[in-house]
Amino acid sequence: MTTNRPTFIQPISSCSICNGETVRFQARVSARPRPEILWFHNQQLMLPSKDVVFHFDESTGTAILIIVDAFSEHAGQYSCQARNSAGDATCTATLTVTSEGKAPFFFLGIQFSVSVGEPVVFQCKLNAYPSPKVTWFHNNKQIPQSLRKIIKNKNCMDMHDSSLEVKDVLEEDSGSYKIFAINSEGSAESTASLLVIQGSEQNAKYLEFLRKSKCTREHIEHMMQKKRDDRVKVDLRSIC
């Protein structure tokens, strides 16, 4: 069988996209036997994932690389290498990713209640580019990170998750909570209200207290009535 060293009939081409767009590199290669296709980003071997797709059509010799939702970290030099037993060949192109800023946008849950002593977690999903600065407030006072109040932020491209966990909730934790996000494109905020109520166990203790208080009050009233009756009897005897 005749062997041919890989030759690119159509090399990949440089391109420019905006943040969040899909990029597609395509090349055509002639080789015998069937070549192995490798893709590199900034000289690092690429592996397929849910956002990075490889495809090779042996009948046409077409090699394709697709990157879904490309961002600034995907910018740089891309190389397609074809190799077989006869040799190898490489073609290279550049990807430029431009930024289109996005002002923060998110929503937060509405008012809700929790029981004393239980943790409460406020969560929100935020869309913004570039990454925003996120600040949490309680009754208009900034909440500092602490062992009882834990703030977590997670960023993935232009999607951002932020959460505030308040452990061992106390009645003093009731009030208005606000999250404020700002970047170079703008700002946004959202609020939620927290009402801390007594738990069922505490309610049971409170009801038991009321029951005992009622019994005590009834006992006292009974004793007072008995004393009044005794005094009346004494007075009657005195009259007689």
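Q: Which residue in β7 is the bridge partner of Val52?
A: Ile67 is the bridge partner of Val52 in this predicted model.

Q: What makes β6 and β7 a pair of strands?
A: Two strands count as paired when DSSP finds at least two bridges between them. Six bridges join β6 to β7, so the pair qualifies under that rule. The two strands run antiparallel.

Q: Why are β1 and β6 called edge strands of the sheet?
A: Let's start with the strand order, which is β1-β3-β7-β6 in an open sheet with antiparallel pairing. β1 (4-10) and β6 each have a single partner strand, so one side of each has no neighbour in the sheet. On average, neighbouring strands here are turned by 25 degrees against each other, direction ignored.

Q: What makes the set around Phe8, Ile12 and Leu65 a nonpolar core?
A: The name asks for buried residues of nonpolar types, joined through side-chain atoms within 4.5 Å, and buried means under 20% relative accessible area. The largest such core has 24 residues, and Phe8, Ile12, Phe25, Ile37, Trp39, Leu65 and Cys80 have the most contacts inside it. Among the strands that each supply at least two of its residues are β3 (21-32), β7 (62-70) and β9 (87-98). β9 gives the most, with five residues.

Q: What does Leu65 touch, leaving aside residues up to four places away in sequence?
A: Its contacts include Val23, Phe25, Trp39, Met46, Val52 and Tyr78.

Q: Which residues belong to the other core, of 20 residues?
A: Ala128, Leu164, Tyr177 and Val196 are among them, and that core lies apart from the largest one.

Definitions and conventions. Residues are numbered from 1 along each chain as its sequence is written. This is a predicted model: local features need pLDDT of at least 70, side-chain atom pairs count only at pLDDT 80 or more; totals for chains, interfaces and linings use all residues. Side-chain values use heavy atoms; hydrogens and water are left out. Buried means under 20% relative accessible area, exposed over 50%, partly exposed in between (1.4 Å probe, protein chains only). Helices (H or I, at least four residues) and strands (E, at least two) are DSSP runs, numbered from the N terminus. Contact means heavy atoms within 4.5 Å. Axes are lines fitted to C-alpha atoms, for helices over the stretch in contact, and angles run from 0 to 180 degrees between N-to-C directions.
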